[in-house]
Amino acid sequence: MTALRNELTDEEYEEQARNGRPEEGSWSMTDQLLAGAIDALREIQYTLVLANLDKKARKPRRPEPLPRPGVARKRKREPMSEAAAEKLFTLINGGAA
């Protein structure tokens, strides 16, 4: 990787520094293990905060995993429409499809 970086001109190097996307590159096994360790530490910290949180306090959001190259983020679901909710309620309560 260093040899490739050393072959860049100063302009190319600055362009990569400004517009590069390191998260889209390939990661070594060490990078993957480090990301896993970071995720585990964030989860432990989250659990510790929850354990010591006042019952009336607002619960913090669970930490998201560190983005990995080639792994798309989870999309948030759109809320269910009223018509879909009614149909589901009817189905659950023994209504015909």
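Residues are numbered from 1 along each chain as its sequence is written. In this predicted model, local features need pLDDT of at least 70 and side-chain atom pairs count only at pLDDT 80 or more, totals for chains, interfaces and linings use all residues, and side-chain values use heavy atoms, with hydrogens and water left out.

**Exercise 1.** State how many helices and strands the protein has, and describe helix H3.

*Solution.* 
- Step 1. Helices (H or I, at least four residues) and strands (E, at least two) are taken as DSSP runs, numbered from the N terminus.
- Step 2. The protein has 4 helices and 0 strands, in the order α-α-α-α from the N terminus.
- Step 3. Helix H3 covers residues 29-51, 23 residues in number. From first to last C-alpha it reaches 33 Å, close to the 33 Å expected at 1.5 Å a residue; the expected span is 1.5 Å times one less than the number of residues.

**Exercise 2.** Determine which residues of H3 are buried, and how many are buried in H4.

*Solution.* 
- Step 1. Buried means under 20% relative accessible area, exposed over 50%, and partly exposed in between (1.4 Å probe, protein chains only).
- Step 2. In the protein, 5% of the 97 residues count as buried.
- Step 3. Ala35, Asp39 and Tyr46 are buried in H3.
- Step 4. H4 has 11 residues, of which the number buried is 0, so H4 lies largely in the open.

**Exercise 3.** Locate the salt bridge and state what it ties together.

*Solution.* 
- Step 1. A salt bridge requires a side-chain nitrogen of Lys or Arg within 4 Å of a carboxyl oxygen of Asp or Glu.
- Step 2. The whole structure contains 1 salt bridge. Arg62 and Glu43 meet through their side chains in a salt bridge, at 2.7 Å from N to O.
- Step 3. Arg62 lies in the loop between H3 and H4 and Glu43 in helix H3, so the pair ties together parts that are 19 residues apart in sequence.
- Step 4. Arg62 counts as exposed because its relative accessibility is 54%, whereas Glu43, at 26%, counts as partly exposed.
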